Amino acid sequence: GQCASACPFDAITEVNDVEKVKAAIQDPDKIVIFQTAPAVRVGLGESFGMEPGTFVEGKMVAALRALGGDYVFDTDFGADLTIMEEATELLHRLQSEEIPIPQFTSCCPAWVEFAEIFYPDLLPHLSSTKSPISILSPVIKTFFAQKKDIDPSKIVNVCVTPCTAKKAEILRPEFNSSSIFWDVPEMRDTDICITTRELANWIKEENIDFAALEDSKFDTAFGESSGGGKIFGNSGGVMEAAIRTAYHLFTGRPAPKDFIPFEEVRGQEGVKKASVAFGHFVLHVASISGLANARAFIDDLIKNNDFENYSFIEVMACPGGCIGGGGQPKVKLPQVKKVNEARIASLYKSDEETDIKASWQNPEIEELYKLFLDEPLSEMAEWALHTYFSDKSDQLGKMKNLTPETNPMST
Ligand code: SF4
């Protein structure tokens with residue numbers, strides 16, 4: 001992927017975590033639960049000679065079952081849950097004097113780490129809502145384990161992602177809500193993270209004829225997703241998903257048809273800006289991809305003291321968003337733009353084919369709030385679905401020998 005140069009965790013790209021998953025599958029005591037990020041299903045097929053952007057969701061789920069997964073859930077559902085909390089948080093910020101605007105997204109761990117090191121003063125602006133993977137994992141080990149009467153210690157949560165930085169995100173010490181819930185000190189919310197490429201290699205190793213697999217569906221409870229959840233893998237997708245739900249939160253009405261597609265935030269441009277009116281509110285938004293673009297944008301924001309002129313800003317480290325993540329099948333540089341375009345189009349097509357457009361309309365989301373979480377930003381939601389960030393600017397000192405060329409943070 002093109003992310004290779006942007007991703008601060010690229011040094012650990014080729015760590016192979018599949019062996020850990022295999023060991024869990026062979027252990028009769030363990031229940032292995034996969035969840036797959038939005039962008040995996042539009043990249044994986046390329047490893048099996050399919051056209052870039054081929055939508056292989058059904059075959060991907062079938063492969064994970066053939067490999068021994070006990071349940072396969074959809075991180076797109078996690079994306080819907082992230083949006084429920086993040087859009088509510090945005091409304092609170094806009095109505096509050098104390099919490100600063102603009103709100104920045106925080107679902108990209110490379111961007112979060114970048115902000116923690118280079119722009120610690122911005123941290124109060126980052127959405128406290130966990131990323132789709134890190135929000136779904138504790139819900140699996142608490143609500144789902146209770147519902148199915150499964151011993152949560154037996155669950156091994158495995159995320160499949162286009163992202164090499166997620167391997168570091170799942171290790172963040174604060175992602176241990178399930179450990180606190182069950183009072184099991186060593187329990188982690190997400191246990192193992194494998195990339196699209198690692199999954200592809202594993203499928204090949206096991207001689208599974210990927211192209212011949214019959215489509216399979218995600219398991220229920222966390223298998224349904226709205227179009228908003230589906231487009232999370234594209235730069236601008238988080239913004240568009242948030243707007244669809246924010247419209248409802250702010251006005252009490254579903255977003256009108258002419259909000260979809262929200263073209264101004266679509267496409268591969270590094271910085272996309274738009275304004276959108278909701279009842280009494282006018283939201284000024286920006287979607288940024290690539291950390292060099294983020295740096296330039298933020299430096300301008302600070303220099304011009306332009307904070308009040310933005311409401312919500314999405315930042316994704318990889319050009320084009322997660323579809324271009326460092327863990328996706330490798331693409332030769334001249335083809336990157338075209339391949340990314342095909343992957344992006346494939347996610348938007350799956351949104352087009354979905355009747356449920358906004359996260360708040362997802363019936364499984366409604367059920368989860370009814371049975372477990374109460375409402376967005378409830379005490380339970382705050383506890384299980386939100387996180388915090390730390391000033392890591394002291395790491396800058398350790399980086400002083402890095403030149404702009406060797407510094408993985410500068411793109
Ligand atoms: Fe990972 Fe997506 Fe961020 Fe790239 S843009 S580092 S794939 S979360």
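**Questions put to a predicted model**

Guide: Asp 149 is placed in the loop between helix H5 (132-148) and E4. The model is a predicted one.

Visitor: Why is Asp 149 counted as exposed?

Guide: Asp 149 has 6 C-beta neighbours inside 10 Å. The cut-off for exposed is 12 or fewer, so with 6 Asp 149 counts as exposed.

Visitor: What is the phi of Asp 149?

Guide: Phi of Asp 149 is near 55°, a positive value in a residue other than glycine. Most residues other than glycine have a negative phi.

Visitor: Why does Asn 305 count as exposed?

Guide: Asn 305 has 8 C-beta neighbours inside 10 Å. Asn 305 lies in the loop between helix H11 (291-303) and E8, and phi of Asn 305 is positive, near 45°.

Visitor: What makes the peptide bond from Ile 101 to Pro 102 cis?

Guide: Omega of that bond is near 0°, and the bond is cis. Pro 102 is in the loop between helix H3 (75-95) and E3. A cis bond also joins Ile 260 and Pro 261, with omega about 0°; Pro 261 belongs to the loop between H10 and E6. Most peptide bonds are trans.

Visitor: Why are E3 and E6 said to stand at the edges of the sheet?

Guide: The open sheet has four strands, in the order E3-E8-E7-E6, with mixed pairing. Strand E3 (103-104) and strand E6 (271-278) each have a single partner strand, so one side of each has no neighbour in the sheet.

Visitor: How do you know that E7 and E8 pair?

Guide: At least two bridges are required for two strands to pair. Strand E7 (residues 281-289) and strand E8 (residues 312-316) have five, in the parallel sense. Ile 288 is opposite Val 315 in E8.

Visitor: What makes E6 and E7 a pair?

Guide: Eight bridges join E6 to E7, where at least two are needed, so the two strands pair. E6 and E7 run antiparallel, and Ala 274 has Val 285 in E7 as its bridge partner. The hairpin of these strands has two residues between them, and there Gly 279 takes a positive phi near 50°.

Visitor: Why are the buried residues of H8 said to be on the same side?

Guide: The buried residues of helix H8 (residues 196-205) are Thr 196, Arg 197, Leu 199, Ala 200 and Ile 203. They span an arc of only 160° around the axis, so they are on the same side of H8. These residues pack against helix H2 (57-66), strand E4 (155-161) and strand E5 (192-195). Just after H8, Asn 207 has a positive phi of about 55°.

Visitor: Which residues touch the most other members of the largest nonpolar core?

Guide: They are Ile 33, Phe 73, Trp 111, Leu 136, Val 158 and Ala 242, out of 104 residues. Helix H10 (residues 237-251) gives the most to this core, with eight residues. Beyond four places in sequence, the contacts of Ile 33 include Phe 73, Ile 140, Ile 155 and Val 158.

Visitor: How many residues of the shell around the ligand are charged?

Guide: None; the shell has twelve nonpolar residues and two polar ones. Of the 14 residues around the ligand, Cys 108, Cys 163, Cys 318, Cys 322 and Gly 325 come nearest.

Note on methods. Residues numbered from 1 in each chain as written. Predicted model: local features only at pLDDT ≥ 70, side-chain atom pairs only at ≥ 80, totals over all residues. Core = buried A, V, L, I, M, F, W, Y, C linked by C-beta atoms within 7 Å. Buried ≥ 20, exposed ≤ 12 C-beta atoms within 10 Å, placed from the backbone. Contact = placed C-beta atoms within 7 Å. Near = placed C-beta within 6 Å. Nonpolar A, V, L, I, M, F, W, Y, C, P; charged D, E, K, R; others polar. Arc of directions from axis to C-beta.
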